Amino acid sequence: MTIPINHITTNFSDFKLDKSSITQIVLLTGVILSAHILYSKLTSSPSGYPLHAKAKNKNGQNKTKSKNKEHVKLTKRQLASYVGKLPLDPIYIAIKGVVYDVSVNGGRRFYGPGGAYSIFAGRDASRLFSRFDFDEGVTQEELDSPIDKLDDLSPEEQDSLDAYIQLFESKYERVGILVDN
Ligand code: HEM
């Protein structure tokens, strides 16, 4: 039996989103976001280290930075160089003004070169995390503009951002703060 291909047509002008479809999309996005953050939490030990993290130091403890470098101040432009180009280079991500070292506790796998979330490395990822969104990567405009004040976030975006902050606080070390040029 042959199926004539010219019978399969799509008229995109007929494609309209009604209210219930929009609600379903919003709910689905929420479910995916919660599910993958929950998954990430569940695969972490009570101390916040992922169960699969094998990195240990000489004493058999998980590798973390012993020195507190929270006083380090980085501009967006300086932050942009912390993308872990070489295997031992640190990878930093800023959220709401706080800079985290995400190259420990299995983070390099996500944020290092070629990782699923490498797009967030060396950047202030706040707005992308709040919108549960990816983009094309850091732009000149982003580097030249002042730090995003995030004062226009919706309650849902704020919640999304807070969930990522919670994850970062439990898994990574604060190493500094983001400052304007
Ligand atoms: C359909 C889309 C997505 C899927 C299926 C997905 C899936 C996952 C999974 C399975 C994990 C846990 C990995 C692990 O712990 O081994 C994870 C973690 C994560 N996801 Fe997603 N994700 C998606 C979209 C996004 C988006 C759009 C963002 C940000 C805007 C995002 C940000 C993150 C972050 C920050 C982590 C935590 C990584 C860490 O532990 O440092 N994801 N995701």
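## Overview

How many of the 181 residues of the protein chain count as buried? The share is 23%, where buried means that 20 or more other C-beta atoms, placed from the backbone, lie within 10 Å of the residue's own. This is a predicted model, in which local features need pLDDT of at least 70 and side-chain atom pairs count only at pLDDT 80 or more, while totals for chains, interfaces and linings use all residues. Residues are numbered from 1 along each chain as its sequence is written.

## Confidence

The pLDDT, the predictor's confidence in each residue from 0 to 100, averages 79 over the protein chain, and 64% of the residues score at least 70. Residues 1–13 stay under 50 and have zero contacts beyond four places in sequence, a contact being two residues whose C-beta atoms, placed from the backbone, lie within 7 Å. Residues 42–66 are also below 50, yet this stretch has 31 contacts beyond near neighbours in sequence. Where pLDDT is low, the predicted coordinates should not be read in detail.

## Secondary structure and sheet

Six helices and four strands make up the pattern α-β-α-β-β-α-α-α-α-β along the protein chain; these are DSSP runs (helices H or I, at least four residues; strands E, at least two), numbered from the N terminus.

The four strands form an open sheet of mixed pairing, ordered β1-β4-β3-β2; two strands pair if DSSP finds at least two bridges between them. Because β1 (72–74) and β2 (92–95) each have a single partner strand, they stand at the edges, with one side left without a neighbour in the sheet. β1 runs parallel to β4 (residues 173–178), to which three bridges join it. Leu 74 has Leu 178 in β4 as its bridge partner.

How values were computed. Buried ≥ 20, exposed ≤ 12 C-beta atoms within 10 Å, placed from the backbone.
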